[in-house]
Amino acid sequence: GHVALNTFMDPAVVTAFEEALPTLKGCSGLILDLRKNMGGSSYCANFIVSHFLRQPTEMCIVRSRKHIAVHKAHGVNLKDTPPDQLADLSEPERVNFLCYRNQWFHEESWGQVQPAEEILSLPTAILTSSETNSAADDFLMAFQSGKGEGIRIGESTSGSSGQPLEIALPGGGLGAICTVRMPEPEEVWQKGIEPDIRVEPTVEDIIHNHDRVLDTALHYLCD
């Protein structure tokens with residue numbers, strides 16, 4: 001079976017996936033195609049990934065840097081505090097010090113994703129690209145930490161958890177800045193989630209409408 005999960009923005013993707021479950025359960029293998037998925041609703045991503053989990057997994061534990069200018073200004077006077085004296089600081093002093101060092105964070109948990117009642121237990125390949133982003137990155141992390149049985153094929157993802165702060169730009173443009181960090185290895189945010197099997201389309205593939213990534217997944221599942 002080949003499921004093109006091109007977005008998590010539209011709740012209709014949940015309905016379509018739910019309706020397809022009986023058919024998918026009868027397949028000998030499954031391809032989840034996230035190459036065009038630039039994210040959307042965490043609800044949509046979590047509903048679908050829950051059908052592949054073997055154990056509960058944290059939805060997200062987010063860290064967002066806090067900045068209050070007056071705390072940072074007060075922290076200047078504490079900037080040379082030796083590491084062995086940090087424990088002696090009062091709580092307000094500690095906050096000022098951390099704020100000055102850009103190490104003061106707001107942290108919160110977004111709960112857990114529980115395995116669904118119907119679990120799809122079949123060989124699964126997940127296709128990714130540099131466009132795989134935001135809630136789609138979260139989907140992949142939940143799939144892995146929830147012990148989903150699948151292999152990633154394609155390119156590295158964009159490496160962004162989403163939650164963008166949108167900024168209007170001159171000329172009608174729009175900029176977006178990721179506002180949270182996830183508790184994942186630093187390299188995830190530096191170069192994206194790496195595929196298990198790296199396959200990159202070539203110019204010739206595009207000219208001749210050849211899907212090298214999909215072909216690799218088919219060969220992998222058929223072997």
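The legends below describe close-up views of a predicted model.

**View 1. The largest pocket and the residues nearest its centre.** The space in the largest pocket comes to about 310 Å³. Its lining is made up of 16 residues. Arg 35, Lys 36, Ser 129, Pro 201 and Asp 211 are the lining residues that lie nearest the centre of the pocket.

**View 2. Helices and residue classes in the lining of the largest pocket.** Two elements, α7 (203-207) and α8 (212-222), each give at least two residues to the lining of the largest pocket. Sorted by class, this lining holds 8 charged, 5 polar and 3 nonpolar residues.

**View 3. The largest cavity and its lining.** The largest cavity contains about 70 Å³ of space. Its lining consists of Ser 42, Ala 45, Asn 46, Met 59, Cys 60, Trp 110, Val 113, Ala 135, Asp 138 and Ala 142. Two or more of the lining residues come from each of α2 (42-49) and α5 (135-145). By class, the lining of the largest cavity has 7 nonpolar residues, 2 polar residues and 1 charged residue.

**View 4. The packing of α2 and α5.** The axes of these two helices, α2 and α5, come within 9 Å and cross at roughly 30 degrees. Because angles under 35 degrees count as roughly parallel, α2 and α5 are roughly parallel to each other. Their crossing, α2 with α5, is right-handed. The contact of α2 with α5 has 7 nonpolar residues, with no polar and no charged ones.

**View 5. The packing of α1 and α2.** Helix α1 covers residues 12-25, and its axis and that of α2 come within 9 Å, crossing at roughly 15 degrees. With such an angle, α1 and α2 are therefore roughly parallel to each other. The crossing in which α1 passes α2 is left-handed. In α1, the residues Val 13, Val 14, Phe 17 and Glu 18 meet Tyr 43, Cys 44, Phe 47 and Ile 48 of α2. By class, the contact of α1 with α2 has 7 nonpolar residues, no polar residues and 1 charged residue.

Methods
Residues are numbered from 1 along each chain as its sequence is written. This is a predicted model: local features need pLDDT of at least 70, side-chain atom pairs count only at pLDDT 80 or more; totals for chains, interfaces and linings use all residues. Side-chain values use heavy atoms; hydrogens and water are left out. On a 1 Å grid over the protein atoms alone, a cavity is a set of points where a 1.4 Å probe fits but cannot get out, and a pocket is an open set with protein on both sides within 12 Å along at least five of seven lines; lining residues have an atom within 4 Å of a point. Grid points are joined across faces, edges and corners, and a volume is the space filled by probe spheres set on the points. Helices (H or I, at least four residues) and strands (E, at least two) are DSSP runs, numbered from the N terminus. Ala, Val, Leu, Ile, Met, Phe, Trp, Tyr, Cys and Pro count as nonpolar, Asp, Glu, Lys and Arg as charged, and the others, Gly among them, as polar. Axes are lines fitted to C-alpha atoms, for helices over the stretch in contact, and angles run from 0 to 180 degrees between N-to-C directions. Angles under 35 degrees count as roughly parallel, over 145 as roughly antiparallel, 65 to 115 as roughly perpendicular and the rest as oblique. A crossing is left-handed if the near helix is turned anticlockwise from the far one by less than a right angle, and right-handed if clockwise. Contact means heavy atoms within 4.5 Å.
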